[in-house]
Amino acid sequence: MSPVETLGLALGAGFSSGLNLYATVATLGLLQRFGVLHLPPGLQIVSHPWVLGISISLYLLEFLADKIPYFDTFWDAIHTFIRPPAAALLAFAAAGAATPEWRWGAALLAGGVALTSHGTKASARAAVNASPEPFSNWILSFGEDLLAVWLTWMATVHPLATTVIVTVLIALCAFLLYHLFRFARRALQRFFAT
């Protein structure tokens with residue numbers, strides 16, 4: 001893989017793994033399995049029937065868990081310790097033919113990007129859980145799943161465009177996190193003032 005392809009895959013798979021790791025792995029595996037693309041040798045294992053079966057099963061479980069308000073926050077809390085390391089592992093495997101510096105750089109970048117997208121997702125979902133209606137939670141969940149699948153595909157086909165898209169998404173995440181934390185701080189101040 002060229003450095004641009006490595007960067008695009010690290011950023012795209014990293015961001016989408018932070019949103020939905022299992023959808024990312026399943027998408028990569030299915031694209032490889034049906035010959036839509038050819039993954040780097042280090043990632044071809046995701047198309048193995050066992051890996052595909054596990055990732056699709058866990059995706060279906062996450063699909064259901066994400067639709068239940070407050071349980072989705074618990075689910076995201078657990079996955080704080082799963083998504084970023086798995087994204088780093090995916091990027092490390094994808095950059096298998098690169099020099100060790102590129103492999104470790106890709107892993108660190110993907111893990112950091114996954115933590116950013118995951119943190120934004122978890123914070124936004126916690127804020128939406130305060131809403132009395134369930135539809136905003138479901139809409140966010142469907143949107144996250146679609147973005148994860150689409151961004152995974154983009155990372156494998158258009159790495160340079162993915163790099164630009166993920167850069168914009170990270171800036172959006174920073175903006176959202178800033179405002180979500182300000183909102184949370186004000187809510188806590190009002191709560192303790194009463």
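Modeller: What follows is a discussion of helix pairs, nonpolar cores and a few individual residues. Please keep in mind that this is a predicted model.

Colleague: Understood. At what angle do the axes of α1 and α4 cross?

Modeller: They cross at roughly 125°, and the axes come within 9 Å. Helix α1 covers residues 3–33 and helix α4 covers residues 83–94. The two helices are therefore oblique to each other. Their crossing is right-handed.

Colleague: Which residues make that contact?

Modeller: From α1, the residues are L9, A10, G14, S17, G18, L19, L21, T24 and V25. Helix α4 contributes R83, A86, A87, L90, A91 and A94.

Colleague: And how does the contact of α1 with α4 divide by class?

Modeller: It has 10 nonpolar residues, four polar ones and one charged one.

Colleague: Let us turn to the cores. Which residues touch the most other members of the largest nonpolar core?

Modeller: Those are L9, L21, L39, L43 and V46, in a core of 20 residues. At least two residues of this core come from each of α1, α2 (49–65) and α4. Helix α1 provides the largest share, with eight residues.

Colleague: What lies apart from that core?

Modeller: Another core, of nine residues, lies apart from it; L11, F15, L19 and V166 are among its members. As background, nonpolar side chains tend to be buried together in soluble globular proteins.

Colleague: Back to α4. How do α4 and α5 pack?

Modeller: Their axes are 7 Å apart and the packing angle is about 150°. Angles over 145 degrees count as roughly antiparallel, so that is how α4 and α5 are described relative to each other. The crossing of α4 past α5 is right-handed.

Colleague: Which residues are involved there?

Modeller: On the α4 side, they are R83, P84, A87, A88, A91, F92 and A93. On the α5 side, they are R103, W104, A106, A107, A110, G111, A114, L115, H118 and K121. By class, the contact of α4 with α5 has 12 nonpolar, two polar and three charged residues.

Colleague: You mentioned A107. Is A107 buried or exposed?

Modeller: A107 has a relative accessible area of 8%, so A107 is buried. This residue lies in helix α5, which spans residues 100–128.

Colleague: What is A107 in contact with, leaving aside neighbours within four places in sequence?

Modeller: With those neighbours left aside, A107 is in contact with A88, A91 and F92.

Colleague: A change of topic: how do α6 and α7 cross?

Modeller: The axes of α6 (residues 135–157) and α7 (residues 159–193) come within 6 Å and cross at roughly 140°. These two helices are therefore oblique to each other. Here the crossing is left-handed.

Colleague: Which residues form the contact, and of what class are they?

Modeller: W150, L151, M154, A155 and V157 of α6 meet P159, A161, T162, I165, V166 and L169 of α7. The contact of α6 with α7 divides into 10 nonpolar residues, one polar and no charged.

Colleague: Where is M154 found, and what does M154 touch?

Modeller: M154 is in helix α6. Not counting residues up to four places away in sequence, M154 touches P159, A161, T162 and I165. M154 and I165 are 11 residues apart in sequence, and their C-alpha atoms are 9.6 Å apart. M154 is buried, with a relative accessible area of 8%.

Colleague: What about T73?

Modeller: T73 lies in helix α3, residues 71–79. Its relative accessibility is 29%, so T73 counts as partly exposed. Leaving aside neighbours within four places in sequence, T73 is in contact with A126 and N129. The C-alpha atoms of T73 and A122 are separated by 6.5 Å, and the two residues are 49 apart along the chain.

Colleague: One last item. What is the phi of Y70?

Modeller: Phi of Y70 is near 75°, which is a positive value in a residue other than glycine. Y70 sits in the loop between α2 and α3, and at 56% relative accessibility Y70 counts as exposed.

Technical notes:
Residues are numbered from 1 along each chain as its sequence is written. This is a predicted model: local features need pLDDT of at least 70, side-chain atom pairs count only at pLDDT 80 or more; totals for chains, interfaces and linings use all residues. Side-chain values use heavy atoms; hydrogens and water are left out. Axes are lines fitted to C-alpha atoms, for helices over the stretch in contact, and angles run from 0 to 180 degrees between N-to-C directions. Helices (H or I, at least four residues) and strands (E, at least two) are DSSP runs, numbered from the N terminus. Angles under 35 degrees count as roughly parallel, over 145 as roughly antiparallel, 65 to 115 as roughly perpendicular and the rest as oblique. A crossing is left-handed if the near helix is turned anticlockwise from the far one by less than a right angle, and right-handed if clockwise. Contact means heavy atoms within 4.5 Å. Ala, Val, Leu, Ile, Met, Phe, Trp, Tyr, Cys and Pro count as nonpolar, Asp, Glu, Lys and Arg as charged, and the others, Gly among them, as polar. A nonpolar core is a set of buried Ala, Val, Leu, Ile, Met, Phe, Trp, Tyr and Cys residues joined through side-chain atoms within 4.5 Å. Buried means under 20% relative accessible area, exposed over 50%, partly exposed in between (1.4 Å probe, protein chains only).
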